[in-house]
Amino acid sequence: MTSFLRLFSLAVSVPTLCLAVNAAVPLLSHAQTPTQTTFRDVPPNYWAQPFIQRLAQRNIVAGYPDGTFRPEQAVQRDELAAIIRQAFNQPVVRQIESGSVFKDVSEQSWAERPIESAYQQGFMSAYPNGNFRPNQPVTKVEAITALNRGLDLTSDTPVAVSPTTQQRARRKPVFVPIAITSLMQPLIIPRAEAVPPETTTPQETTQPERSASAIVNDYYTDASSIPQNAIPDVAAATKQNIVVNYPNARELNPNQPASRAEIAALIHQTLVSQGRIEPLPEDSPANQYIVRTSGNNQNTQ
């Protein structure tokens with residue numbers, strides 16, 4: 001009888017635990033459920049609604065089992081790696097055996113494969129001590145820098161994507177909590193702590209950096225808060241109309257944790273710059289938060 005009660009208790013506790021976990025993480029992007037594109041906490045008049053909806057339609061971000069998206073929730077580094085894996089398919093630039101090489105990322109972690117992918121494609125890096133810090137919140141400037149690292153936004157040559165190359169190569173589905181999507185790496189650490197070696201590049205001491213400084217000073221009232229080694233990245237993203245700032249397009253807030261809504265907007269605009277997603281309709285209210293370098297861009301006045 002004691003054995004029976006023990007087995008019964010286990011049978012009840014496992015489903016209960018699963019329900020508790022599911023309530024805490026977003027739906028899996030490849031789950032056998034219909035794609036959710038609308039969320040009860042993202043109404044039509046929410047500033048980032050079009051960005052979020054478009055990415056949800058493409059399974060790049062997802063909502064939680066309770067029907068929410070939690071747009072104001074801060075994105076963590078492991079979440080960023082997951083979003084990047086869904087949105088981009090860049091060539092491998094460095095090899096590692098697995099994401100478990102990071103001291104704080106176990107082979108059993110849901111984010112092990114996304115972290116491995118983001119690292120190998122050059123988007124994200126490890127800290128000098130061999131840690132990845134998967135649960136560390138990502139700042140706005142770190143997210144921008146990650147995109148520049150992986151996509152080479154500083155190149156003056158626009159990325160042309162033909163209809164035949166727009167589709168990303170299909171990978172074996174990975175069941176990860178994509179909705180937790182967070183973007184970042186130890187890229188730039190504006191605090192007094194060690195920065196990965198990749199953050200120092202020739203651009204930081206050459207003439208292009210000076211013109212990059214002029215760009216960020218022209219477009220952002222808080223340009224002085226941007227870490228020096230991130231100025232070229234922010235300038236490059238600005239030139240390609242990737243940066244989205246709410247509620248004031250001229251305030252970057254570079255060192256604040258980026259929310260899920262902000263990351264969705266950044267990823268959306270990056271895909272637009274690559275020709276993989278159509279720009280927002282001209283009458284979309286969200287356009288006012290996109291930092292544009294065109295002459296008629298009112299938010300730069």
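Modeller: Read from the N terminus, the elements of the protein chain run α-α-α-α-α-α-α-α, which amounts to 8 helices and 0 strands. Please keep in mind throughout that this is a predicted model.

Colleague: What share of the residues counts as buried?

Modeller: Of the 301 residues in the protein chain, 49% count as buried. The accessible surface comes to about 14,600 Å², and 54% of that surface belongs to carbon and sulfur atoms.

Colleague: And how many of the contacts join residues at least 24 apart?

Modeller: If we take the contacts in the protein chain between residues at least 6 apart in sequence, 79% of them join residues at least 24 apart.

Colleague: Okay, then confidence. Which element has the lowest mean pLDDT, and which the highest?

Modeller: Among the elements of the protein chain, H1 has the lowest mean pLDDT, at 43, while H8 has the highest, at 98. Over residues 7–24 the pLDDT is below 50, and this stretch has 5 contacts in the model beyond near neighbours in sequence. The pLDDT also stays under 50 over residues 28–32, where the model has 12 contacts beyond four places in sequence. For the protein chain as a whole the average is 77, with 66% of the residues scoring at least 70.

Colleague: What should I do with the low parts, then?

Modeller: Where pLDDT is low, the predicted coordinates should not be read in detail.

Colleague: Changing topic to aromatics: how many pairs are there?

Modeller: The count comes to 9 aromatic pairs, taking rings whose centres lie within 6.5 Å. One of them joins tryptophan 47 and tyrosine 246, whose ring centres are 4.8 Å apart and whose planes are at 5 degrees, so this pair is stacked.

Colleague: Why is the pair of phenylalanine 102 and phenylalanine 132 called tilted?

Modeller: The ring centres of phenylalanine 102 and phenylalanine 132 are 5.2 Å apart and their planes are at 50 degrees, so the pair is tilted. Phenylalanine 102 lies in the loop between helix H3 (77–87) and helix H4 (112–120), and phenylalanine 132 in the loop between H4 and helix H5 (140–151), so the pair ties together parts that are 30 residues apart in sequence. Phenylalanine 102 is buried at 4% relative accessibility, and phenylalanine 132 is buried at 0%.

Colleague: What lies over the face of phenylalanine 132?

Modeller: Arginine 77 does, at 4.0 Å from the ring centre. Elsewhere, arginine 94 lies over the face of tyrosine 119, at 4.0 Å from that ring centre.

Colleague: Last one: how many residues of H7 are buried?

Modeller: In H7, 8 of the 9 residues are buried, so this helix is largely enclosed by the rest of the structure. Among them are Ile231, Pro232, Asp233 and Val234. Just after H7, asparagine 241 takes a positive phi of about 60 degrees.

Note on methods: Residues are numbered from 1 along each chain as its sequence is written. This is a predicted model: local features need pLDDT of at least 70, side-chain atom pairs count only at pLDDT 80 or more; totals for chains, interfaces and linings use all residues. Side-chain values use heavy atoms; hydrogens and water are left out. Rings of Phe, Tyr and Trp (its six-membered ring) pair if their centres lie within 6.5 Å; planes under 30 degrees apart count as stacked, over 60 as edge-to-face and the rest as tilted. Helices (H or I, at least four residues) and strands (E, at least two) are DSSP runs, numbered from the N terminus. Buried means under 20% relative accessible area, exposed over 50%, partly exposed in between (1.4 Å probe, protein chains only). A charge sits over a ring if NZ of Lys or CZ of Arg is within 6 Å of the ring centre and within 35 degrees of the ring normal. pLDDT is the predictor's confidence in each residue, from 0 to 100. Contact means heavy atoms within 4.5 Å. Accessible areas come from the Shrake-Rupley method with a 1.4 Å probe; for residues, only the protein chains shown count as cover.
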